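Dear colleague,

Please find the structure below, handed over for your review. A summary of what was found follows it.

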Amino acid sequence: MSKNLRWKVLTILAVIGLSVWAFVPPQDKIRLGLDLKGGVHLVMRVQTDDALRVETETTADRLRETLRTQTIPVTGITVAGPNEFRVAGVPTAQDAQFRQALVDIDLIYDRSQSLTDYTFRLKPSVVSQLRDETVNQALQTIERRVNELGVAEPVVARHSAADQILVQLPGVSDVNRAKEIIRSTALLELKLVEQGPFPDEASARQAFAGNVPPDMQILPGRSEGTAGSAPTTVYYAVRRVAAVTGRDLRNARPSLDENNRPAVSFSLNNEGAVKFGNFTQANINRQLGIVLDGRVYSAPNIQSRIDSEGRITGNFTQQEAADLGLTLRSGALPASLTYLEERTVGPTLGADSVRAGVIASTGGLVFVLLFLLYYYKLAGFNAFVSITTNLIILLGLMAYLGATMTLPGIAGFILTIGMGVDSNVLIFERIKEELTGGKGVKAAVAAGFDRVFLTILDTHVASLISAAFLFQFGTGPIRGFATTLTIGLLANVFTAVFVSRTMFELFLSRRDQPATLSI
Amino acid sequence: MRIFDHPNYDFIKWRWHAFALSGLVVLAGVAFVVSRGGVPMGIDFTGGTIVVAKFEQPVAEDAVRQALAATPGEKVVQSYGDAADNQVLIRLPQMGDENAGNLDEAANSVVQSLGAAGLPKFELLSQEIVGPVIGRELQLKGIYATLASIVGIAIYIALRFRPAFAIGAIAATLHDVFITIAFLALFGYELSLNVVAALLTITGYSVNDTIVIFDRVRENMRSARRDPLEKVVNTAVNQTLSRTVITAGTTFLSVLALYVFGGEVLEGFAFTMLVGIVSGTYSTVFIAAAIAIILGNRQGAATAVSGAAVKVKAATARRS
């Protein structure tokens, strides 16, 4: 064996060894996709309009406050859309003073004026920035929630369109619970209750003679209800501005209330505790509204100064209390979510698919190899080694790169076998042709490999081009297919050309003058 | 052992017959698809809900249909997988509104109705809900990816070979895509994500075959410059005939294994591949090569003239 040949053989053995090391044991090293393992795939849209509306409402509220302190009387400030609000009836005499109050607002809003009315629209650049931030915030919040769910290898990522988020949870069986946890906004607000409870919304409005002050709002809530009686919906008039929000939470965990019913206890961080302490001190003997997602859960009397601890009670089950604690800990979503796509694969179907895929690919492989051995005799053994090596490298690289194996990915295996066969057939047919043309064995083998190399390169590049678009097109399973095909194609150039040729050379180097080739 | 010993079939002679046959099949396919109201789309592209339930005991499809009578919309109920598995697939059109957040309304009502109907116990094997927004997106992406991959490959061939060859390859590939879609419609398969993936794979495969022949043509043109393009191409097709048959045959059989053993999920994928392999092999020999000849001759004539002009110029330059 020449030195050159020895190096080639060593390289091949090293590649095989590394690959085997990378994917053994396969059940631990090869990552299975949702369609094989079972689990849920969700695509949702972040309603970024929500965040714009909050921004606009906050700005309008601040302006209202500023105008009140500067005593500029206007007829009204109305929010006209998620990114637009109007100020009507600015007194002409105070127009200059009004404009001066707009310094901050002008930075992010475009202003237009008709007589004494002003319209403010969020600048387009600010809109797109806000939307982007909102999606990112939602993404981070969902990530925290999914991590707390304790799912192994979840995927939380931005999806194709700007406002879409993809979540994949392998092995989750209770899909509805996962969906609820991901979707709940979980915005906690602690607000002062001005009046209430009222039995219905109309009577709540009547208490203000049908004219609820702009710094107050009417929110639905749940009556405490005595034990045994079903809770009913009641209404509260609460301050619009919250004393403390979920942003100041340090922790939230399930606990029990005084009647041993499931509840959620929370504690505030330092900043929140100072705010809450001052607030409760100033409002002893008034009602504190514990508002979650725009609903008053309870409205206890403030009996003394409270610094950092609080409790949310309601008719929770233990699971609900645990889930609420989880969502509160992970922070509020900046905007609501709607589901666009949902695919759930049960673990049974996944296992069945794996079995079917393995049977199909093994069947295909065995058949093809038998044919090659029959048709190409000894050279068929070359093809056998090169195709098997290809599959070993494919598995090894998939494990090494952490690529996901999916059901279409199994089809990718079968097509890789097809490509391997094709390359070998191309080479062998060419060698036969050269032999018929009167070349000696060594020369024929060399010519066969040299001539066909360009063809193999061209066909592989063309296939790689379509695999690239396939990857770009597909989600989940299809990407698995594109990945498998790409790695398989790359590995095939190595095995069909390098490995197979080395085997021929190894065989030919043993004898001095081989007269015939078993092909 | 050889399948073909020195094959010397005159494939190119049959090119007009082949064009006529392909044209006929493609036209018939298009007519059939149009008469059915367009390419049948699965829920991946239209939006909708598919629920697969596995019952503990055998159930009649009719019983399931009756249980779902109250659920609105046109439902499809069919058995899924082996009959012994008692699995039923239920497909419903798009219900509920994404913006209202009740995309899963259809799926939930199916589960409720099945539970309330007194059928044997069941578990949900899978549940797929696709909203119209995602459906439209996937539709666009699928069309875009198929076209882009064909164009990408064409550019590569035009660079590596000749523009005429690229046009031949594109024609052959589009031919395969059309025929495959027609067969999918004929056999009642719907276009799903997996099927589009198979279509993309076929474009790769079909081009693969074409390149092998073109490569041989390029090589032969170096040694046999004098021969007309028809003859060079025909020789190349014959030289690669064994390879074409062996590769197509083995790939066809291994995809057949996928079709038979691969389970319901991959059935559409495997079927698409099966049709595509047959069509791709045929189109390589009869369509791609023939178009390359027809276009190549015209272009070749032009190159020959300009080549002659260069020669004259060179001669003049030498004389002076």
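The contact between the chains draws 56 residues from chain A and 57 residues from chain B; two residues are in contact if their C-beta atoms, placed from the backbone, lie within 7 Å. This is a predicted model, in which local features need pLDDT of at least 70, side-chain atom pairs count only at pLDDT 80 or more, and totals for chains, interfaces and linings use all residues. Residues are numbered from 1 along each chain as its sequence is written, while chains are lettered from A and ligands numbered from 1 in the order in which they are written.

On the side of chain A that touches chain B, at least two residues each come from strand S18 (337–345), helix H12 (347–401), helix H13 (407–436), helix H14 (441–473) and helix H15 (476–510). Helices (H or I, at least four residues) and strands (E, at least two) are DSSP runs, numbered from the N terminus.

S18(A) and strand S4 (residues 122–130) of chain B run antiparallel and are joined by 5 bridges; strands pair if DSSP finds at least two bridges between them. Opposite B:Ile129 in S4(B) stands A:Glu342.

Chain B contains 10 helices and 4 strands, in the order α-α-β-α-β-β-α-β-α-α-α-α-α-α along the sequence. Of its 320 residues, 47% count as buried, that is, with 20 or more other C-beta atoms, placed from the backbone, within 10 Å of their own. Among contacts in chain B with a separation of 6 or more, 76% involve residues 24 or more positions apart.

Definitions and conventions
A residue is buried if 20 or more other C-beta atoms lie within 10 Å of its own, exposed if 12 or fewer, and partly exposed in between; C-beta atoms are placed from the backbone.
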